[in-house]
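User: Please take a close look at one part of this structure for me. I would like to follow its salt bridges.

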Amino acid sequence: MYTCICNAITECELRKAARQHRAGGAETVYAKLGKRPNCGTCLEEAEDIIREEREALLEPAHAA
Ligand code: FES
């Protein structure tokens, strides 16, 4: 599913990029993907996704 229609950035791509680039907001992560916001409609959702991924990185690993 696309998070950013203008740039054809999928949610999966965005989550992966957020994990790889742990600083900055949506515009920074988009830039790391070689993109930049156009209409801006996606930015609020993108910020939520990025925050969610980074928070997950901080959670301790669950032992099996
Ligand atoms: S949907 Fe992302 S900039 Fe338009």
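Analyst: Start with R19 and E53: their side chains meet in a salt bridge, 2.3 Å from N to O. A salt bridge here is a side-chain nitrogen of Lys or Arg within 4 Å of a carboxyl oxygen of Asp or Glu. Side chains of opposite charge can pair when their charged atoms come close.

R19 lies in helix α1 and E53 in helix α3, so this pair ties together parts 34 residues apart in sequence. Helices are DSSP runs of H or I, at least four residues, numbered from the N terminus. R19 is partly exposed, at 36% relative accessible area. E53 counts as buried, at 8%. Buried means under 20% relative accessible area, exposed over 50%, and partly exposed in between, with a 1.4 Å probe and protein chains only.

This is a predicted model: local features need pLDDT of at least 70, side-chain atom pairs count only at pLDDT 80 or more, and totals for chains, interfaces and linings use all residues. Residues are numbered from 1 along each chain as its sequence is written, and side-chain values use heavy atoms, leaving out hydrogens and water.

Now R15. Its side chain also meets that of E53 in a salt bridge, 2.7 Å from N to O. R15 sits in helix α1 and E53 in helix α3 (residues 43–58), 38 residues apart. R15 is buried, at 19%.

R15 has a salt bridge with E11 too, at 2.9 Å, N to O. Both lie in helix α1 (residues 11–20), four residues apart, about one turn of the helix. E11 is partly exposed, at 24%.

The whole structure holds five salt bridges.

How values were computed
Helix = DSSP H or I, 4+ residues; strand = E, 2+ residues; numbered from the N terminus.
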